[in-house]
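Reader: I'd like to learn how to read a structure like this one. Can you walk me through it?

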Amino acid sequence: MSPGKRVWIAVPLLAVLAALGWAGFAPLQASSREELFEIPKGTYARRMAGDKVEILPSQIRLTLGLNDVLMLRNLDDVPQVFGPTIMMPGQSFKLPFEKAASYDFACTAHASGQMTILVEPYPAMPWSKIRWRVREWRESRAR
Amino acid sequence: MIRKLTLALLLGMGVASAATEPAALKAGVLEPVMAAPQLRLQGSDGQALDLARFRGKVVLLAFGFSNCGEVCPITLATLAGARKKLGAEAANVQVVYVTVDPERDDAAQMRKFLGSFDPTFIGGVGTRAEIDAAQKNFGISSTKTVNADGSYNIGHSSSIYMIDRAGGLRAVMPYGHPVDDFVHDLKILLRK
(Lines give C-alpha, C1' and ligand atoms only; values in the text may rest on other atoms or scores of the structure.)
Protein backbone atom coordinates (compact mmCIF):
# COMPACT_ATOMS: atom_id res chain seq x y z
CA MET A 1 0.00 0.00 0.00
CA SER A 2 1.33 3.40 -0.92
CA PRO A 3 2.05 5.95 1.87
CA GLY A 4 -0.67 8.25 0.46
CA LYS A 5 -3.30 5.54 0.72
CA ARG A 6 -2.18 4.70 4.26
CA VAL A 7 -2.72 8.31 5.30
CA TRP A 8 -6.21 8.30 3.78
CA ILE A 9 -7.11 5.26 5.88
CA ALA A 10 -5.24 6.20 9.05
CA VAL A 11 -6.57 9.74 9.44
CA PRO A 12 -10.30 8.90 9.50
CA LEU A 13 -9.60 5.82 11.65
CA LEU A 14 -7.74 7.93 14.20
CA ALA A 15 -10.51 10.52 14.14
CA VAL A 16 -13.13 7.82 14.84
CA LEU A 17 -11.00 6.36 17.63
CA ALA A 18 -10.49 9.83 19.14
CA ALA A 19 -14.24 10.52 18.99
CA LEU A 20 -15.04 7.17 20.61
CA GLY A 21 -12.37 7.80 23.26
CA TRP A 22 -13.87 11.18 24.07
CA ALA A 23 -17.42 9.82 24.10
CA GLY A 24 -16.45 6.90 26.32
CA PHE A 25 -14.20 8.65 28.82
CA ALA A 26 -15.06 12.36 28.99
CA PRO A 27 -17.38 13.25 31.90
CA LEU A 28 -21.08 13.32 31.03
CA GLN A 29 -23.09 16.46 31.45
CA ALA A 30 -26.83 16.96 31.07
CA SER A 31 -28.10 20.44 30.28
CA SER A 32 -30.26 20.26 33.43
CA ARG A 33 -31.05 17.80 36.23
CA GLU A 34 -34.72 18.53 35.54
CA GLU A 35 -36.58 16.93 32.64
CA LEU A 36 -39.48 19.28 32.02
CA PHE A 37 -42.84 18.25 30.54
CA GLU A 38 -45.82 20.54 30.21
CA ILE A 39 -49.51 19.70 30.07
CA PRO A 40 -50.74 22.40 27.68
CA LYS A 41 -53.81 24.55 28.11
CA GLY A 42 -56.87 22.89 26.63
CA THR A 43 -55.72 19.30 27.17
CA TYR A 44 -58.83 18.33 29.13
CA ALA A 45 -61.14 20.01 26.60
CA ARG A 46 -59.43 18.20 23.71
CA ARG A 47 -59.70 14.88 25.50
CA MET A 48 -63.39 15.47 26.20
CA ALA A 49 -63.91 16.27 22.51
CA GLY A 50 -62.55 12.81 21.67
CA ASP A 51 -59.06 13.87 20.61
CA LYS A 52 -56.71 11.04 21.54
CA VAL A 53 -53.50 12.85 20.69
CA GLU A 54 -50.67 12.08 23.12
CA ILE A 55 -49.36 15.22 24.76
CA LEU A 56 -46.69 13.57 26.87
CA PRO A 57 -44.60 10.56 25.86
CA SER A 58 -45.91 7.28 27.29
CA GLN A 59 -42.41 6.52 28.52
CA ILE A 60 -39.96 9.03 29.98
CA ARG A 61 -36.36 7.98 30.44
CA LEU A 62 -34.23 9.53 33.19
CA THR A 63 -30.63 8.85 34.24
CA LEU A 64 -29.40 8.99 37.82
CA GLY A 65 -26.84 11.71 38.45
CA LEU A 66 -27.58 13.42 35.12
CA ASN A 67 -31.25 14.16 34.57
CA ASP A 68 -32.98 12.46 37.49
CA VAL A 69 -35.66 15.00 38.41
CA LEU A 70 -39.01 14.87 36.64
CA MET A 71 -40.67 18.27 36.35
CA LEU A 72 -44.30 18.42 35.27
CA ARG A 73 -46.15 21.68 34.75
CA ASN A 74 -49.92 21.87 34.47
CA LEU A 75 -50.78 24.72 32.10
CA ASP A 76 -54.33 23.40 31.62
CA ASP A 77 -57.41 25.06 33.11
CA VAL A 78 -58.38 22.02 35.19
CA PRO A 79 -56.57 19.89 37.78
CA GLN A 80 -54.59 16.99 36.35
CA VAL A 81 -53.61 13.83 38.16
CA PHE A 82 -50.11 12.65 37.57
CA GLY A 83 -49.15 9.43 39.35
CA PRO A 84 -48.79 10.23 42.98
CA THR A 85 -50.44 13.63 42.98
CA ILE A 86 -53.05 16.04 41.79
CA MET A 87 -51.73 19.23 40.18
CA MET A 88 -53.85 22.34 40.21
CA PRO A 89 -53.89 24.67 37.16
CA GLY A 90 -50.63 26.62 37.10
CA GLN A 91 -48.94 24.25 39.50
CA SER A 92 -45.79 22.24 38.88
CA PHE A 93 -44.63 19.00 40.43
CA LYS A 94 -40.94 18.24 40.84
CA LEU A 95 -40.20 14.59 41.58
CA PRO A 96 -36.62 13.50 42.25
CA PHE A 97 -35.52 9.89 41.74
CA GLU A 98 -32.74 8.17 43.64
CA LYS A 99 -33.18 4.55 42.57
CA ALA A 100 -32.89 3.01 39.12
CA ALA A 101 -36.17 1.24 38.35
CA SER A 102 -39.25 1.38 36.16
CA TYR A 103 -42.08 3.38 37.73
CA ASP A 104 -45.64 3.10 36.45
CA PHE A 105 -47.91 6.03 37.21
CA ALA A 106 -51.49 6.90 36.42
CA CYS A 107 -51.69 10.09 34.38
CA THR A 108 -54.82 11.88 33.24
CA ALA A 109 -52.89 13.71 30.51
CA HIS A 110 -52.50 10.40 28.67
CA ALA A 111 -55.20 8.76 26.59
CA SER A 112 -54.14 5.42 28.06
CA GLY A 113 -54.20 6.89 31.57
CA GLN A 114 -50.74 5.43 32.21
CA MET A 115 -47.21 6.72 32.12
CA THR A 116 -43.91 4.93 32.69
CA ILE A 117 -40.80 6.58 34.09
CA LEU A 118 -37.71 4.54 33.39
CA VAL A 119 -34.86 5.57 35.67
CA GLU A 120 -31.52 4.17 34.57
CA PRO A 121 -28.28 3.99 36.58
CA TYR A 122 -25.48 6.46 35.92
CA PRO A 123 -23.56 5.26 32.86
CA ALA A 124 -20.20 4.57 34.44
CA MET A 125 -18.66 2.34 31.76
CA PRO A 126 -17.29 3.81 28.50
CA TRP A 127 -19.73 1.86 26.32
CA SER A 128 -22.75 2.98 28.36
CA LYS A 129 -21.47 6.59 28.20
CA ILE A 130 -21.30 6.37 24.40
CA ARG A 131 -24.81 4.90 24.29
CA TRP A 132 -26.12 7.71 26.53
CA ARG A 133 -24.55 10.39 24.32
CA VAL A 134 -25.98 8.86 21.16
CA ARG A 135 -29.46 8.70 22.71
CA GLU A 136 -29.24 12.29 23.94
CA TRP A 137 -28.14 13.44 20.52
CA ARG A 138 -31.02 11.56 18.85
CA GLU A 139 -33.57 12.93 21.32
CA SER A 140 -32.31 16.49 20.94
CA ARG A 141 -32.77 16.17 17.16
CA ALA A 142 -36.26 14.77 17.59
CA ARG A 143 -37.40 17.70 19.81
CA MET B 1 -5.16 40.12 57.95
CA ILE B 2 -6.07 39.51 54.28
CA ARG B 3 -6.25 35.78 54.99
CA LYS B 4 -8.67 36.42 57.89
CA LEU B 5 -10.82 38.72 55.77
CA THR B 6 -10.96 36.16 52.95
CA LEU B 7 -11.93 33.42 55.41
CA ALA B 8 -14.68 35.60 56.92
CA LEU B 9 -15.95 36.45 53.44
CA LEU B 10 -16.05 32.79 52.39
CA LEU B 11 -17.79 31.78 55.63
CA GLY B 12 -20.29 34.58 55.15
CA MET B 13 -21.00 33.46 51.59
CA GLY B 14 -21.50 29.88 52.78
CA VAL B 15 -23.95 30.93 55.51
CA ALA B 16 -25.80 33.20 53.09
CA SER B 17 -26.18 30.47 50.48
CA ALA B 18 -27.29 27.95 53.13
CA ALA B 19 -29.89 30.44 54.32
CA THR B 20 -31.30 31.18 50.89
CA GLU B 21 -31.26 27.67 49.37
CA PRO B 22 -34.24 25.61 50.50
CA ALA B 23 -33.33 22.10 51.59
CA ALA B 24 -34.37 19.53 48.99
CA LEU B 25 -37.09 17.11 49.96
CA LYS B 26 -36.98 13.43 49.06
CA ALA B 27 -40.66 13.70 48.17
CA GLY B 28 -42.05 15.30 45.04
CA VAL B 29 -42.62 19.02 45.56
CA LEU B 30 -45.64 21.03 44.44
CA GLU B 31 -45.06 24.65 43.45
CA PRO B 32 -46.52 27.12 44.11
CA VAL B 33 -47.78 25.73 47.41
CA MET B 34 -51.58 25.85 47.51
CA ALA B 35 -54.00 25.10 50.32
CA ALA B 36 -54.73 21.39 50.64
CA PRO B 37 -58.15 20.41 49.23
CA GLN B 38 -61.02 20.09 51.66
CA LEU B 39 -61.66 16.95 53.64
CA ARG B 40 -65.06 16.67 55.32
CA LEU B 41 -65.36 13.27 56.97
CA GLN B 42 -65.81 11.57 60.30
CA GLY B 43 -62.67 10.76 62.26
CA SER B 44 -62.04 7.35 63.79
CA ASP B 45 -61.53 9.27 67.05
CA GLY B 46 -65.21 10.22 67.05
CA GLN B 47 -64.66 13.86 66.03
CA ALA B 48 -65.40 15.57 62.75
CA LEU B 49 -62.41 15.27 60.45
CA ASP B 50 -61.18 18.24 58.49
CA LEU B 51 -57.61 19.32 57.94
CA ALA B 52 -58.07 22.64 59.75
CA ARG B 53 -58.15 20.61 62.97
CA PHE B 54 -54.45 19.94 62.60
CA ARG B 55 -53.18 23.45 61.77
CA GLY B 56 -49.79 23.84 63.40
CA LYS B 57 -48.91 20.21 62.75
CA VAL B 58 -47.48 18.53 59.67
CA VAL B 59 -50.11 16.14 58.32
CA LEU B 60 -49.30 12.96 56.43
CA LEU B 61 -52.43 12.05 54.51
CA ALA B 62 -52.99 8.78 52.68
CA PHE B 63 -55.86 6.63 51.44
CA GLY B 64 -56.35 2.89 51.92
CA PHE B 65 -58.53 0.33 53.66
CA SER B 66 -58.34 -1.98 56.64
CA ASN B 67 -58.61 -5.21 54.62
CA CYS B 68 -55.65 -4.22 52.44
CA GLY B 69 -53.11 -7.02 52.57
CA GLU B 70 -50.06 -5.41 51.08
CA VAL B 71 -49.73 -1.70 50.42
CA CYS B 72 -51.49 -0.24 53.48
CA PRO B 73 -49.68 -2.28 56.15
CA ILE B 74 -46.33 -1.32 54.61
CA THR B 75 -47.28 2.36 54.36
CA LEU B 76 -48.62 2.49 57.91
CA ALA B 77 -45.63 0.62 59.36
CA THR B 78 -43.34 3.08 57.56
CA LEU B 79 -45.21 6.11 58.91
CA ALA B 80 -45.23 4.63 62.43
CA GLY B 81 -41.49 4.02 62.11
CA ALA B 82 -40.91 7.62 61.03
CA ARG B 83 -42.86 8.98 64.02
CA LYS B 84 -40.89 6.75 66.34
CA LYS B 85 -37.57 7.96 64.93
CA LEU B 86 -38.63 11.59 65.28
CA GLY B 87 -38.94 11.22 69.05
CA ALA B 88 -40.47 14.26 70.75
CA GLU B 89 -40.91 16.03 67.40
CA ALA B 90 -43.51 13.40 66.45
CA ALA B 91 -46.03 15.26 68.61
CA ASN B 92 -46.24 17.77 65.75
CA VAL B 93 -46.89 15.14 63.08
CA GLN B 94 -50.41 13.82 62.47
CA VAL B 95 -51.11 10.80 60.28
CA VAL B 96 -54.57 10.76 58.67
CA TYR B 97 -55.62 7.62 56.80
CA VAL B 98 -58.83 7.82 54.80
CA THR B 99 -60.66 4.65 53.84
CA VAL B 100 -61.52 3.89 50.22
CA ASP B 101 -63.83 1.12 51.46
CA PRO B 102 -66.63 2.82 53.41
CA GLU B 103 -68.84 -0.28 53.09
CA ARG B 104 -66.55 -2.22 55.44
CA ASP B 105 -64.57 0.46 57.28
CA ASP B 106 -66.41 2.34 60.00
CA ALA B 107 -64.82 4.42 62.76
CA ALA B 108 -64.38 1.45 65.11
CA GLN B 109 -62.81 -0.73 62.40
CA MET B 110 -60.37 2.01 61.37
CA ARG B 111 -59.49 2.77 64.99
CA LYS B 112 -58.66 -0.90 65.60
CA PHE B 113 -56.72 -1.24 62.34
CA LEU B 114 -54.70 1.98 62.67
CA GLY B 115 -54.18 1.50 66.41
CA SER B 116 -52.17 -1.65 65.71
CA PHE B 117 -49.57 0.58 64.03
CA ASP B 118 -49.74 3.77 66.08
CA PRO B 119 -52.56 4.82 68.43
CA THR B 120 -52.22 8.48 67.38
CA PHE B 121 -53.19 7.74 63.74
CA ILE B 122 -56.65 9.01 62.83
CA GLY B 123 -58.81 7.32 60.21
CA GLY B 124 -61.24 9.09 57.93
CA VAL B 125 -64.62 7.44 57.34
CA GLY B 126 -67.92 8.51 55.84
CA THR B 127 -70.62 7.66 53.37
CA ARG B 128 -69.75 6.49 49.87
CA ALA B 129 -70.55 9.97 48.54
CA GLU B 130 -68.33 11.66 51.14
CA ILE B 131 -65.44 9.29 50.44
CA ASP B 132 -65.87 9.76 46.68
CA ALA B 133 -65.68 13.53 47.16
CA ALA B 134 -62.52 13.22 49.25
CA GLN B 135 -60.91 10.94 46.65
CA LYS B 136 -61.82 13.32 43.85
CA ASN B 137 -60.42 16.33 45.70
CA PHE B 138 -57.07 14.60 46.15
CA GLY B 139 -56.98 12.81 42.76
CA ILE B 140 -57.14 9.37 44.38
CA SER B 141 -58.24 6.48 42.21
CA SER B 142 -59.52 3.14 43.46
CA THR B 143 -60.68 0.05 41.60
CA LYS B 144 -62.71 -2.75 43.11
CA THR B 145 -62.06 -6.32 41.97
CA VAL B 146 -64.66 -8.89 43.00
CA ASN B 147 -63.46 -12.46 43.50
CA ALA B 148 -65.40 -15.61 42.60
CA ASP B 149 -66.44 -16.12 46.23
CA GLY B 150 -67.93 -12.64 46.42
CA SER B 151 -65.08 -11.16 48.46
CA TYR B 152 -63.33 -8.17 46.95
CA ASN B 153 -60.06 -6.32 46.86
CA ILE B 154 -59.42 -2.66 46.10
CA GLY B 155 -56.48 -1.31 44.16
CA HIS B 156 -55.87 2.33 45.10
CA SER B 157 -53.46 5.26 44.80
CA SER B 158 -50.78 4.76 47.38
CA SER B 159 -48.84 7.99 47.69
CA ILE B 160 -48.67 10.05 50.86
CA TYR B 161 -49.55 13.75 50.83
CA MET B 162 -47.44 16.00 53.05
CA ILE B 163 -49.35 19.02 54.33
CA ASP B 164 -47.41 21.73 56.11
CA ARG B 165 -48.22 23.45 59.40
CA ALA B 166 -50.15 26.18 57.61
CA GLY B 167 -52.36 23.72 55.70
CA GLY B 168 -50.49 24.00 52.40
CA LEU B 169 -50.19 20.92 50.23
CA ARG B 170 -46.44 20.97 49.92
CA ALA B 171 -45.20 17.57 48.83
CA VAL B 172 -46.15 14.04 47.84
CA MET B 173 -44.14 10.95 48.73
CA PRO B 174 -44.71 8.09 46.29
CA TYR B 175 -45.25 4.63 47.76
CA GLY B 176 -42.17 2.65 48.68
CA HIS B 177 -39.89 5.21 50.28
CA PRO B 178 -38.12 4.08 53.45
CA VAL B 179 -38.61 5.45 56.97
CA ASP B 180 -35.47 7.60 56.75
CA ASP B 181 -36.80 9.53 53.75
CA PHE B 182 -39.90 10.46 55.73
CA VAL B 183 -37.80 11.46 58.75
CA HIS B 184 -35.60 13.59 56.48
CA ASP B 185 -38.56 15.43 54.95
CA LEU B 186 -40.54 15.76 58.17
CA LYS B 187 -37.58 17.42 59.87
CA ILE B 188 -37.48 19.99 57.08
CA LEU B 189 -41.25 20.58 57.15
CA LEU B 190 -41.29 20.87 60.93
CA ARG B 191 -38.69 23.65 60.77
CA LYS B 192 -40.94 25.78 58.55
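Predicted model: local features only at pLDDT ≥ 70, side-chain atom pairs only at ≥ 80, totals over all residues.

Reader: Is V16(A) buried, exposed or partly exposed?

Author: Buried is under 20% relative accessible area and exposed is over 50%, with partly exposed in between. V16(A) comes out at 47%, so it counts as partly exposed. V16(A) also belongs to a nonpolar surface patch of about 490 Å², together with L13(A), L14(A), L17(A) and L20(A).

Reader: Now the two chains. How much area do chain A and chain B bury between them?

Author: The size of an interface is often given as the accessible area lost when the parts come together. In this model chain A and chain B bury about 1,400 Å² between them, with 56% of that on carbon and sulfur atoms. P84(A), I86(A) and Q91(A) supply 34% of the area that chain A buries against chain B, more than any other three residues. Counted by contacts, 15 residues of chain A meet 18 residues of chain B.

Reader: And how many salt bridges does the rule find across that interface?

Author: Side chains of opposite charge can pair when their charged atoms come close. Across the interface of chain A and chain B there is 1 salt bridge. K26(B) and E98(A) make a salt bridge through their side chains, at 3.0 Å from N to O. On the side of chain A that touches chain B, β5 (85–87) and β6 (92–96) each supply at least two residues. The largest share of that side, 5 residues, comes from β6(A).

Reader: What about a residue on the inside? Is N74(A) buried or exposed?

Author: N74(A) has a relative accessible area of 0%, so this residue is buried. N74(A) lies in strand β3 of chain A, residues 69–74. A polar atom of the N74(A) side chain is 3.0 Å from the backbone oxygen of M87(A). Leaving aside neighbours within four places in sequence, N74(A) contacts several residues, including I39(A), P79(A), M88(A) and Q91(A).

Reader: Back to charges. How many salt bridges does the structure hold over all chains?

Author: The total over all chains is 16. One of them joins K41(A) and D77(A), with the closest N and O atoms 2.8 Å apart. That pair links distant parts of the chain, 36 residues apart: K41(A) is in the loop between β1 (34–39) and α2 (43–48), and D77(A) is in the loop between β3 and β4 (80–82). K41(A) is exposed, at 60% relative accessible area.

Reader: Which residues does R128(B) pair with?

Author: R128(B) forms a salt bridge with E103(B), the closest N and O atoms being 3.1 Å apart. R128(B) is in helix α4 of chain B and E103(B) is in the loop between β5 (93–99) and α3 (107–115), so the pair ties together parts 25 residues apart in sequence. R128(B) also bridges to D132(B), at 3.0 Å between the closest N and O atoms. D132(B) and R128(B) are 4 residues apart in helix α4 of chain B, which means about one helical turn separates them. D132(B) is partly exposed, at 37% relative accessible area.

Key:
Residues numbered from 1 in each chain as written. Chains lettered and ligands numbered in written order. Heavy atoms only, no water. Patch = residues over 30% accessible without salt bridge, like charges linked within 9 Å, V, L, I, M, F, W, Y side chains within 5 Å. Areas by Shrake-Rupley, 256 points an atom, 1.4 Å probe, with all protein chains shown as cover. Salt bridge = Lys/Arg side-chain N within 4 Å of Asp/Glu carboxyl O. Buried < 20%, exposed > 50% of the residue type's maximum accessible area, 1.4 Å probe, protein only. Contact = heavy atoms within 4.5 Å. Buried area = accessible area lost by both parts, 1.4 Å probe. Polar contact = N/O pair within 3.5 Å; in protein donor to acceptor, adjacent residues only side chain to side chain.
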